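Me: I'm new to this one. Can you walk me through it in short answers?

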Amino acid sequence: MLTKILSFFLTIISFISFNPLSNYDYYDKLGDEDYEGFKDVYAEYFDIGAAVGGWHCRSEKISEYILKNYSSLTAENAFKQAVLNPAEGVWNFTEADTIADFCRQNGLKLRGHCLVWGYLGSWMTRDSEGNLVSKDVLLQRMHDYINVVVTRYKDIVRVWDVVNEPFGYDKRDGAFKQNDFLTICGEEYITKAFEFAHEADPTAVLCLNETTVLKNQKKQNYLLKYIEKWVNEGVPVHAVGIQSHWNLFVLNESPRRLQKVIDKLYKIGVDIQITECDMRIDAIPSDIFDEVPRNTELLQSKKMSQMFEVLRKNADKISSVTFWGISDNRPQKTEDGETYYRHELLFDRDYMPKNAYYAVCDF
């Protein structure tokens, strides 16, 4: 209900503005199977990528869709340590190899996501009795793990998300999220991860991937402070991934804020990559739609178009834009076990372009 109310007022505001919603109405194009592929529309700007699982690459229909629309792939989960190496001495490369082989066979770029993510926890940080290991033990385990993974895929992975989401949200908890890695090593677990990855593949672009950078000013300040510090110290941090899980109704996830973050990171001297891009349309999580109201879909199209206008203007600073998924065919579950969809990407559940796709591609 809240989403409908906010959509109504935003629609009225848009109607009386110089940029009404009618400018983002592409309903006459829906269903056109001869649409231009996403990667081709943006070929002169930056790579267009998407997060996938191995099953996407094994499906003939979905594979054709991927090859038409994306020039780069990211493994959504298959490259995470909890999947690749869930326990000491236990390795599972099946899904990661499927995605890597698909990219090799079809000339796609592959992004490695991710080498270290403290949020998930890790066998690396604890001994057999559950006690924290020493700093030396943890760093050796990290080194060995990163070396195995990076070396195995160095022929195809050109960009690694080396550390994922390390920064905190507020001053009370400090600059970094609390986890075992931080407790044992302090911030050195981050810088060492970059050093180990660079040692394993000196030619790879190494990225720090962070979320909620636009809407959380404290986190943004921490990010900028430490990225500049590490770059000045010679830590091989080459890029910053701005995770872009945007929401239509979060007002400070705006084109102006996006531009300011890009300017600040570019001044530091790192490559900028837009990662995990999507745009939710629920003002509160309980707002679930079987079918998206037309004015809400047009508002999503407008905001996504405005964000991409900023990205195009900064194509000299941005090397890639990666979506978190390939289509809206991403079922979610309510607390009662009912299936619903978030309608957050540019392609519908049948892998056809939505109105927002045409809005983003009309320039």
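Me: Is β3 enclosed or open to the outside, and why do you say so?
Reply: Seven of the eight residues of β3 are buried, so the rest of the structure largely encloses this strand. Keep in mind that this is a predicted model.

Me: Which strand does β3 pair with over five bridges?
Reply: That is β4, residues 157-164, and the pairing is parallel. Val116 stands opposite Val163 in β4. To get from β3 to β4 the chain passes through α7, and this β-α-β crossover is right-handed.

Me: And how many bridges join β2 to β3?
Reply: Three, with the two strands running parallel. Leu73 has Leu110 in β3 as its bridge partner.

Me: What about β1 and β2, how do they pair?
Reply: In the parallel sense, over four bridges. β1 covers residues 47-52 and β2 covers residues 72-75. Ala51 stands opposite Thr74 in β2.

Me: What do the strands build together?
Reply: A closed barrel of eight strands, in the order β1-β2-β3-β4-β5-β6-β7-β8, with parallel pairing. On average, neighbouring strands of this sheet are turned by 30° against each other, direction ignored.

Me: Which strands does helix α10 lie across?
Reply: β5 (205-210) and β6 (239-247). Helix α10 spans residues 217-232 and runs at about 160° to β5.

Me: Back to β3. Which residues does the cis peptide bond join?
Reply: His113 and Cys114, with omega at about -5°. Cys114 is in strand β3.

Me: Then there's Gly118. Where is that?
Reply: Gly118 is in the loop between β3 (109-116) and α7 (135-152).

Me: Buried or exposed?
Reply: Gly118 is buried, with a relative accessible area of 10%. The cut-off for buried is under 20%.

Me: Which residues does Gly118 contact, leaving aside neighbours within four places in sequence?
Reply: Asn179 and Phe181.

Me: How far is Gly118 from Glu88?
Reply: Their C-alpha atoms are separated by 17 Å, and the two are 30 residues apart along the chain.

Me: New topic. Which residues touch the most other members in the largest nonpolar core?
Reply: Phe38, Ile66, Tyr70, Tyr153, Trp160 and Trp230. That core has 105 residues. Apart from it lies another core of eight residues, including Leu21, Leu248, Leu298 and Leu299.

Me: Why would nonpolar residues gather like that?
Reply: In soluble globular proteins, nonpolar side chains tend to be buried together.

Me: Tell me about Leu299. Where does that residue sit?
Reply: Leu299 is in helix α12, residues 294-313. Its relative accessibility is 7%, so Leu299 counts as buried. Leu299 and Leu214 are 85 residues apart in sequence and 19 Å apart in space, C-alpha to C-alpha.

Me: And Phe38, what is it in contact with?
Reply: Leaving aside neighbours within four places in sequence, its contacts include Ile48, Tyr70, Phe308, Phe323, Phe347 and Tyr357. Lys68 and Asn69 are among them too.

Me: How many aromatic pairs are there in the whole structure?
Reply: A search finds 31. In one of these pairs, the rings of Phe38 and Tyr42 have their centres 5.7 Å apart and their planes at 80°, so the pair is edge-to-face. Both Phe38 and Tyr42 are buried.

Me: Let's go to β6. What does Ser244 touch?
Reply: Ser244 lies in strand β6. Not counting residues up to four places away in sequence, Ser244 touches Ile274, Thr275, Glu276, Cys277 and Asp278. Ser244 has 0% relative accessibility, so it counts as buried.

Me: Where is Glu276, and what is its phi?
Reply: Glu276 lies in strand β7, residues 271-280. Its phi is near 55°, a positive value in a residue other than glycine. Glu276 counts as buried, at 7% relative accessibility.

Me: What about the phi of Glu165?
Reply: It is near 50°, again positive in a residue other than glycine. Glu165 lies in the loop between β4 and α8 (180-185). At 14% relative accessibility, Glu165 is buried.

Technical notes
Residues numbered from 1 in each chain as written. Predicted model: local features only at pLDDT ≥ 70, side-chain atom pairs only at ≥ 80, totals over all residues. Heavy atoms only, no water. Pairing = 2+ DSSP bridges. Axes fitted to C-alpha atoms, helices over the stretch in contact; angles between N-to-C directions. Contact = heavy atoms within 4.5 Å. Buried < 20%, exposed > 50% of the residue type's maximum accessible area, 1.4 Å probe, protein only. Core = buried A, V, L, I, M, F, W, Y, C linked by side-chain atoms within 4.5 Å. Right-handed = clockwise from strand over helix to strand, strands pointing away. Phe/Tyr/Trp six-rings, centres within 6.5 Å; stacked < 30°, edge-to-face > 60°.
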